[in-house]
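Here is a short report on one protein chain. Look at the sequence and the model first, then read on.

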Amino acid sequence: MQTNVASTCTECGGVFPADDLIRHENARVCVKCKPAFLQKLAEGAEFKTSMRYAGFWLRFGAVLLDGIILFVVNLGLGMLIGLSATQAIGTEQGNIALLLIVYTIQLAVGISYETIMIGKFGATVGKMACKIHVVTANGDKVSYARAFGRYFAKLLSAFTLLIGYIMA
């Protein structure tokens, strides 16, 4: 685990370096809150965890917003390169070599958008609008490498008849 990653205390909500927090299941507790947390745990009290999973429709809304953003950006890039709007969205044939270049650029834009936004901010613009944050199973920040891998997992899901989305 990286030492500079910040995490939130489940009890007080303060932000501390992850290495300074005590972890119990999905809960992370700072040193000040540890005695009270352990007492609650010993008494069998329920405690809140800082992670709540987003529902299907909330995720769908976030993906829809991201799709609209990427559509507009990719349409603009295609038109900037010299394609008509119908060629840029792929409904009209054009110069095959130019289309291949544009589609490669559009793929690179999608990869970069997802990887940079999730790696740096923990969410894309659509996810931010829906108040969704992408974290690891431990609640830690997602690395750039993992964000890059997530994008290709989404592509794999799309190529397998959207089975990954149907399972969600």
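Glutamine 106 sits in helix α4. In this predicted model, glutamine 106 has a relative accessible area of 14%, so it counts as buried, the limit being under 20%. Beyond its neighbours up to four places away in sequence, glutamine 106 touches Asn74 and Ala88.

**The α2 and α4 pair**

Two packed helices are described by the angle between their axes and the distance between the axes. Helix α2 spans residues 56–81, and its axis comes within 10 Å of the axis of α4. The two axes cross at roughly 145°. The crossing of α2 and α4 is right-handed. On the α2 side, the contact is made by Asp66, Ile69, Leu70, Val73, Asn74, Leu77, Gly78 and Ile81. On the α4 side, Leu98, Val102, Ile105, Gln106, Val109, Gly110 and Tyr113 take part. By class, the contact of α2 with α4 has ten nonpolar, four polar and one charged residues.

**Other positions along α4**

Helix α4 covers residues 96–121 and includes threonine 115. Is threonine 115 buried or exposed? Threonine 115 is buried, because its relative accessible area is 11% and the cut-off is under 20%. A polar atom of the threonine 115 side chain lies 2.8 Å from the backbone oxygen of isoleucine 111. Not counting residues up to four places away in sequence, threonine 115 touches Tyr144, Ala147 and Phe148.

Isoleucine 101 also belongs to helix α4. Its relative accessible area is 49%, so isoleucine 101 is partly exposed. The C-alpha atoms of isoleucine 101 and leucine 64 are separated by 25 Å. These two residues are 37 places apart along the chain.

**Lysine 127 in α5**

Lysine 127 is part of helix α5, residues 125–129. Which class does a relative accessibility of 9% give lysine 127? Lysine 127 counts as buried, because 9% falls under 20%. Its contacts, leaving out residues up to four places away in sequence, are Ala62, Asp66, Glu114, Ile132, Val134 and Arg150. Asp66 is also one of the α2 residues in the contact with α4. The C-alpha atoms of lysine 127 and glycine 61 are separated by 8.3 Å, although the two residues are 66 apart along the chain.

Most residues other than glycine have a negative phi. Leucine 161 has a positive phi of about 60°. Leucine 162 likewise has a positive phi of about 60°. Leucine 161 is found in the loop between α6 (144–159) and α7 (163–167). Leucine 162 is in the loop between α6 and α7 as well. Leucine 161 is exposed, because its 76% relative accessibility is over 50%.

**Accessibility summary**

| Residue | Relative accessibility | Class |
|---|---|---|
| Lysine 127 | 9% | buried |
| Threonine 115 | 11% | buried |
| Glutamine 106 | 14% | buried |
| Isoleucine 101 | 49% | partly exposed |
| Leucine 161 | 76% | exposed |

**The nonpolar core**

How many residues make up the largest nonpolar core? There are seven in all: Cys9, Leu21, Ala27, Val29, Cys30, Cys33 and Phe37. Leaving aside neighbours within four places in sequence, cysteine 30 is in contact with Cys9, Cys12, Phe16 and Leu21.

Terms used
Residues numbered from 1 in each chain as written. Predicted model: local features only at pLDDT ≥ 70, side-chain atom pairs only at ≥ 80, totals over all residues. Heavy atoms only, no water. Helix = DSSP H or I, 4+ residues; strand = E, 2+ residues; numbered from the N terminus. Buried < 20%, exposed > 50% of the residue type's maximum accessible area, 1.4 Å probe, protein only. Polar contact = N/O pair within 3.5 Å; in protein donor to acceptor, adjacent residues only side chain to side chain. Contact = heavy atoms within 4.5 Å. Axes fitted to C-alpha atoms, helices over the stretch in contact; angles between N-to-C directions. Left-handed = near helix turned anticlockwise from the far one by under 90°. Nonpolar A, V, L, I, M, F, W, Y, C, P; charged D, E, K, R; others polar. Core = buried A, V, L, I, M, F, W, Y, C linked by side-chain atoms within 4.5 Å.
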